Amino acid sequence: MEKRCLIEVNGLWTQFGEHIVHRDVNLAIDRGEVLSLVGGSGSGKTTLLRQMMGLEIPSQGEVKVFGVSLQHSAPDEIQRIRNRWGVLFQQGALFSALSVYDNVALPLRELRTVDEDLIRDLVLFKLGMVGIEAEHATKMPADLSGGMVKRVALARALALEPELLFLDEPTAGLDPDRSESFVRLIEDLQHELELTVVMVTHDLDTLIALSNRVAVLCDQRIVAVGTLREIVTNSHRFISNFFQGERGKRALMAVAEALVK
Amino acid sequence: MPQSSVLPRLEAQLRSTSRPDGAAGVELSGPWILRALEPELANLAAQLGEFGRDFNRHWDLSGVTRIDHAGAMLLWRAWGGRRARNLTLRPEHEALFAGFGAPRPLAPPPGRDGLAPLRMLGAQVLTFAEHARHFVQLVGRLVIDTGRLLRHPRNLPWVEISASIYRTGAQALGITALVGFLVGVVLSYLSSQQLKTFGADIFIINLLGVSVIRELGPVLAAILVAGRSGSAMTAQLGVMCVTEELDAMTVMGIPHTVRLMLPKVLGLAISMPLLVAWTDSIALIGGMVAAKWELGLSYNLFLTRLPDAVPIANLWLGLGKSVVFGILIALIACHFGLRIEPNTESLGAGTTSSVVTAITMVIVVDAAFAVMFRNVGSF
């Protein structure tokens, strides 16, 4: 059986010139869990996420994904694990020169072994899964609304049936109804496919609905990791501001009510 | 760490069985996930298709350890877009198949059109007319906005104009000098070889002087500037269009004609003649060096004879032309920059069209100048 620990971050430092973003960050993410990274603006959440995808190289320390070190492994090995994760970028990052259909089909076509018929069925299924009707499949990304871009981007992230999903602000820019169905979709997928999800979010509702565990980035390090219950009761200054503020209380209350019912 | 524990060999297995009651069956085991199926996909699909033809065949999927949408879709297709009649499935895999329905049609591809070439020609003519209309509109807007600005000259974007002169002029000194010098050398070298055979060595001064000052200097500099600054202007405006920066300026009440276009147009109108004067001098120096080398013509003689050989009108004509070129390049760059749509392909295409159009227009206008001023600057 594969190792339980999917992502390991060991002693990670990030420094831009004089400015230190991360100071000795350690984090382990297990298979099958949904971990949310929270922290103030500029606390380096997105940077940490990008380091987990191998887009940025930390100044010091190591990131291992699927047990493969992103810094010290052969390019071939890193290439192999790249097919096992999907990424949803904050702005969607759809290829603007390709239609919606081709955007989702691209990763499948790159495999070079999947025939066009199966690609068609899979792409339409994935698009249907995120709530995009077939008639939008021929549109260009520039003609889509912000929410649709996000959903198409999710369909593309899921095209290769990843085991690990990175979400950068998945519900930012979606209307409440769409956020809700987005959250439900991720939940369903997570159960069906034993997906591991790492997500950066500011949206308390999403955070509370999805996360098994929460990691809080503050003052250049991870100040707390744990289940939502553990985090909420933490007395750290940033955490109490984050969750005990007016908005946080409201969101937590809603969850508590839902649990009582 | 042993790699095998991280990336184990995955194999989806497919085995034909016969059931106790005599019916044909097929047993699937192992992980039926895309990553495991992908290397053998064509083969597996063919086998599954074969099994799927017998609709009463019993499918036993209880040995499947993991299955994802791609694996499930592959089976679904083998069953002909419906659930197999006799199917044993692990309960946790049930949900995967629940989401599949009948295959959905994609929008049909557009049919062939017999009139396509004619339609294309028509579209091209219309596009051209559209470009012309937009260009005229743009120039008109610029003139109106500038006219309004002239009543309050303090509001002129002086800093932007000076930045534009620096970027399009000062920073282009190196490349125009290099190209000018080399063209001067080549022209002088080739001409002097011909002139030597006629014993008309001294006419190299007339030849070089007139051609460089009147034609080559302005056109060369304009082509370099169109490639260098024109493309940069188009790309800058295009990206600003894409990122909604132009809209942000509009809602703040800052007309982008004044703040973005005017500095570019004025900047190039000022820096172009200066660049041309610079290119002319360097090209003449190049020609002078080559003439000395090839014909033994002294620098002193070259410089003293030059004013007599080339009437001063040629210089004014060259510099005047270059002002027009500068304005033209900047206007064309802005025209294409403002038409860029929010996608990467449009940005590339727009920049290319901008440079190609600018260079073409420079040469067309240069020809017009040559015809209009054919009586000026000769003896």
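Residues are numbered from 1 along each chain as its sequence is written, and chains are lettered from A in the order in which they are written. Local features in this predicted model need pLDDT of at least 70, side-chain atom pairs count only at pLDDT 80 or more, and totals for chains, interfaces and linings use all residues, while side-chain values use heavy atoms, without hydrogens and water.

Helix 9 of chain A spans residues 237-244, and its buried residues are F238(A), I239(A), F242(A) and F243(A). These residues lie on the same side of helix 9 of chain A because they cover an arc of only 105° around the axis; the arc is that of the directions from the helix axis to the C-beta atoms. On the other side of helix 9 of chain A, R237(A) and N241(A) are exposed. Buried means under 20% relative accessible area, exposed over 50%, and partly exposed in between (1.4 Å probe, protein chains only). Helices (H or I, at least four residues) and strands (E, at least two) are DSSP runs, numbered from the N terminus. An α-helix has 3.6 residues a turn, so residues three or four places apart point the same way.

A negative surface patch is formed by D175(A), D177(A), E180(A) and D205(A).

Positive phi values occur at D24(A) and E161(A). In D24(A), which is not a glycine, phi is about 55°; E161(A), also a residue other than glycine, has phi near 50°. Most residues other than glycine have a negative phi. D24(A) is placed in strand 2 of chain A and is partly exposed at 38% relative accessibility. By contrast, E161(A) is in the loop between helix 5 and strand 7 (164-168) of chain A and counts as buried at 9%.

Strand 2 (residues 19-30) of chain A also holds N26(A), which is partly exposed at 41% relative accessibility. The C-alpha atoms of N26(A) and F182(A), 156 residues apart in sequence, are 30 Å apart in space. In helix 5 (residues 146-157) of chain A lies R151(A), buried with a relative accessible area of 9%. A separation of 30 Å between C-alpha atoms is found for R151(A) and C218(A), which are 67 residues apart along the chain.

Conventions. Patches are made of residues with over 30% relative accessible area and no salt bridge: like charges are joined within 9 Å, nonpolar side chains (Val, Leu, Ile, Met, Phe, Trp, Tyr) within 5 Å. Accessible areas come from the Shrake-Rupley method with a 1.4 Å probe; for residues, only the protein chains shown count as cover. A salt bridge is a side-chain nitrogen of Lys or Arg within 4 Å of a carboxyl oxygen of Asp or Glu. Lys and Arg count as positive and Asp and Glu as negative; His and the chain ends are not counted. The place of a charge is taken as NZ of Lys, CZ of Arg, CG of Asp or CD of Glu.
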